[in-house]
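Subject: Structure handover

Hello,

The structure is below for your files. My notes on it follow.

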Amino acid sequence: MADTPKQRPDTILTHAGLKPRDFQGFVNPPVFHGSTVTFPDVDTMLSGKQTYTYGRHGSPTTTALIEAIVAIEGAAGAVLCPSGLSACTTAILAVAGMGDHVLVTDSVYGPTRNFLNTMGKRFGIEATYYDPLIGAGIRDLIRPNTKAVYVETPGSHTFEMQDLPAIAAAAHEAGAFVIVDNTWATPVFFSPLQHGADISLMAATKYVVGHSDAMLGTVAANERALKPLKDAFVQLGLSVGPDDVYLGLRGLRTMGTRLRQHEASALQIARWLETRPEVARVLHPALPSHPGNDLFRRDFCGSSGLFSIVTREAPIGAVKAMLDGLKYFGLGYSWGGFESLAVVSDPRRIRTATTWTDPGHVVRLHIGLEDPADLVADLEAGLERFNAAAG
Ligand SMILES: *Cc1c(COP(=O)(O)O)cnc(C)c1O
């Protein structure tokens with residue numbers, strides 16, 4: 001809970017939400033499959049005092065994960081959503097509606113932008129996209145009806161770092177809520193709620209679940225945002241299947257340890273890629289060469305396994321030759337699991353507030369838990385194929 005700030009993250013991840021004495025001493029809670037929950041008598045039913053009342057409203061399995069998320073986020077409360085995207089849309093719908101305006105970083109996760117441009121628009125929410133590097137300058141974009149500022153730091157393809165405290169100060173002066181998608185860092189490496197956010201969300205599909213075997217989202221809120229968040233969750237009828245909640249809980253226990261290995265291997269590989277002539281830029285916020293490195297060092301205490309490279313200018317065939325032949329990097333969306341992944345991304349086709357000018361190709365890598373020496377060898381062979389195909 002919010003009153004345990006002295007526990008360090010790994011200790012919270014290990015213990016939060018566990019109640020072995022409630023379950024005959026078993027360390028983990030059972031997976032409660034259930035819709036109907038019965039009451040002993042009408043009085044209890046009418047009193048509203050029974051802890052569990054209906055499957056959609058929670059079970060001891062969901063309570064365990066929610067308590068752990070609340071503790072690691074330093075939040076007043078949290079809800080679980082059936083996917084990361086559903087966490088993003090629930091957070092927005094909790095604080096914005098008909099006639100409201102939201103400011104959204106131009107580096108936002110693509111499907112969140114798609115939601116705002118389609119259903120959000122249809123429901124009367126107007127979105128303006130802003131330069132992720134805007135900082136305190138966000139003040140100039142705030143309108144009387146601006147209800148939320150949406151932040152993602154760093155962006156999950158292009159890795160711009162955002163000045164959350166400066167953005168939050170301007171937003172709060174105007175009475176707007178601040179929502180942060182913290183999927184990349186997780187609360188182990190960055191605490192949005194302690195840096196000015198009102199709502200901190202994660203695609204728990206990624207590092208929380210950690211094994212590429214379930215979809216899950218978490219949304220944590222401070223006191224101010226909790227009631228609207230819980231209301232939206234109930235009104236939308238959201239519910240996560242207990243097996244997936246359990247996989248989230250199971251993944252969370254080892255998240256800190258896994259993240260530190262992802263971090264070490266990703267940094268080693270990112271530094272090596274910086275020395276390669278095929279690579280024009282490495283977009284990794286923890287590298288001194290990254291334009292957001294000062295903000296990273298000020299606000300974050302670690303980096304995860306996801307970063308991008310920009311290749312030297314070459315035909316797309318060179319990137320295909322490189323990626324198609326990789327042995328350990330799967331070609332796939334998502335990330336945060338134990339395995340390495342690669343994906344080609346084209347920010348030019350997505351941006352509206354900023355212009356992406358790098359002439360090379362953006363290749364995003366997720367560095368998994370393989371031995372980094374094997375990953376370097378795999379990438380080295382890939383870069384040789386890149387060169388052969390680039391001519
Ligand atoms: C993957 C992702 C999401 C969406 O999560 P899903 O579980 O795939 O719906 C949201 N935000 C970011 C930054 C992501 O990388």
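Helix H4 (residues 84-95) and helix H5 (residues 110-122) pack with their axes 9 Å apart, at an angle of about 40 degrees. Helices here are DSSP runs (H or I, at least four residues), numbered from the N terminus; axes are lines fitted to C-alpha atoms over the stretch in contact, with angles running from 0 to 180 degrees between N-to-C directions. H4 and H5 are therefore oblique to each other (under 35 degrees is roughly parallel, over 145 roughly antiparallel, 65 to 115 roughly perpendicular, the rest oblique).

On H4 the contact is made by Leu 85, Cys 88, Thr 89, Ile 92 and Leu 93, and on H5 by Pro 111, Thr 112, Phe 115 and Leu 116; contact means heavy atoms within 4.5 Å.

The model is predicted: local features need pLDDT of at least 70 and side-chain atom pairs count only at pLDDT 80 or more, while totals for chains, interfaces and linings use all residues. Residues are numbered from 1 along each chain as its sequence is written, and side-chain values use heavy atoms, leaving out hydrogens and water.

The domain assignment gives domain 1 (9-252) and domain 2 (255-390), with bounds from an automatic or database assignment. Their C-alpha centres lie 27 Å apart, and 38 residues of domain 1 are in contact with 43 residues of domain 2. About 3400 Å² is buried between the two domains, 62% of it from carbon and sulfur atoms (accessible area, 1.4 Å probe, that two parts lose on being put together, summed over both). Trp 184, Phe 189 and Tyr 207 of domain 1 lose the most area to domain 2, together 26% of what that side buries.

Regards

How values were computed: Helix = DSSP H or I, 4+ residues; strand = E, 2+ residues; numbered from the N terminus.
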